[in-house]
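Consider the sequence and the model below. The text then moves from the sheet to the helices.

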Amino acid sequence: MALTENFSRILQIHPSRRCNLHCLHCYSSSSPEERDQLSVPLLLQAITDASEQGYTIASFSGGEPLVYKPLPELLKQAHQCQMRTTVTSNGILLDERHLEQLTGAVDLLAISLDGMPASHNRMRSSEQAFEKMAARLEGVRQSGILFGFIFTLTKQNFRELDWVANFALEQGAKLLQIHPLAEVGHATQSLVGYRPNPSILSYAYLKATRLRETLGDKLFIQIDLTHQDLLRLNPGSFFADELLKNEQDYSFAELISPLVIEADGTVVPMQHGFDRNYALGNLNQASLAELTKYWRQERYRAFRELCQHVYQELIEPNELPIIDWYETLMCLGKMSNENEDRTIISIG
């Protein structure tokens with residue numbers, strides 16, 4: 001048995017694609033014009049089902065989750081199911097009323113930060129986005145809610161990492177998460193060519209390592225990249241070990257994490273927008289409990305084979321051994337299915 005016990009079992013929920021901003025890098029193509037949203041009863045049941053399947057963290061994003069008015073009800077349900085909760089926000093709407101709703105209901109508040117003020121505003125398509133977000137931070141500190149920042153790494157802002165870390169430290173944040181830009185959603189049109197190359201990923205990985213050494217427990221630094229050596233040593237952490245013969249003995253959270261509920265009800269593994277050939281289905285058509293049962297029977301094997309294939313490619317010797325596992329898995333999964341489709345067409 002190679003499944004590891006040291007990864008978080010996360011349910012990501014995107015209840016709506018409505019947002020108060022139109023960010024250039026938004027993976028879910030959210031904006032003020034979007035109206036997609038899921039019903040409260042549907043999500044309450046999904047949270048209950050997920051907790052029974054072994055998920056221990058309910059993470060809410062969007063869209064801007066504070067625009068989704070029933071959010072407090074969902075947070076309460078997650079806590080009742082013994083799940084920890086996180087909310088990812090652009091920070092602009094964190095006024096006294098919203099902070100009052102979040103206090104005691106959210107275990108970690110993650111605020112988006114895209115670099116220095118000019119970089120942040122450019123990415124957010126708003127000349128006042130940074131100023132408005134920063135003005136809310138005193139209220140966040142006063143609320144006592146544990147908070148951190150999420151920094152989207154691009155070719156243009158990677159040199160601002162030191163500034164970002166210092167800003168987070170000065171503001172009293174406890175977490176800085178560094179996440180490489182994914183060219184999905186709005187970024188496929190607005191940020192073509194902005195995705196960091198292997199050299200920049202390596203720079204960011206080393207910078208994050210040095211920041212950890214320098215800051216210690218003052219600020220927890222998380223970077224969504226991995227080193228080839230860690231990949232080779234821990235295939236189970238990447239769902240790339242041998243296919244489990246007795247997978248029915250494991251909770252679903254041990255087979256897939258993160259599990260993502262998108263705003264149209266589609267449930268996918270690993271990351272928003274993941275190839276639909278590996279999707280569980282749609283919550284508007286069946287409950288999460290029913291979808292996980294179907295996936296175990298029909299798609300578990302194909303997903304594990306994809307992970308194994310990507311793993312074998314990524315452990316090949318490379319001059320720059322820093323890897324974006326999630327993005328590579330997503331891209332190669334899509335390419336693999338496109339190639340299969342072309343093969344079927346050519347045979348026909």
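What follows covers the sheet, one of its ends and some helix packing.

This is a predicted model, in which local features need pLDDT of at least 70 and side-chain atom pairs count only at pLDDT 80 or more, while totals for chains, interfaces and linings use all residues. Residues are numbered from 1 along each chain as its sequence is written, and side-chain values use heavy atoms, with hydrogens and water left out.

An open sheet of mixed pairing is formed by 10 strands, ordered β7-β6-β5-β4-β3-β2-β1-β9-β10-β11. Strands (E, at least two residues) and helices (H or I, at least four) are DSSP runs numbered from the N terminus, and two strands pair if DSSP finds at least two bridges between them. β7 (220-223) and β11 (281-282) are at the edges with a single partner strand each, so one side of each has no neighbour in the sheet.

Strands β9 (residues 259-261) and β10 (residues 266-269) run antiparallel and are joined by 3 bridges. L259 is opposite P269, and V260 is opposite V268. The two strands form a hairpin with 4 residues between them, and G265 in the turn has a positive phi of about 100°. From β10, T266 and V268 point one way and V267 and P269 the other, all of them buried (under 20% relative accessible area, 1.4 Å probe, protein chains only). β10 also runs antiparallel to β11, through 2 bridges; V267 has G281 as its bridge partner there.

Helices α7 (residues 161-171) and α9 (residues 198-215) pack at about 35°, with axes 11 Å apart. Axes are lines fitted to C-alpha atoms, for helices over the stretch in contact, and angles run from 0 to 180 degrees between N-to-C directions. The contact (heavy atoms within 4.5 Å) involves L161, D162, A165 and L169 of α7 and A204, K207, L211 and L215 of α9.

How values were computed:
Buried means under 20% relative accessible area, exposed over 50%, partly exposed in between (1.4 Å probe, protein chains only).
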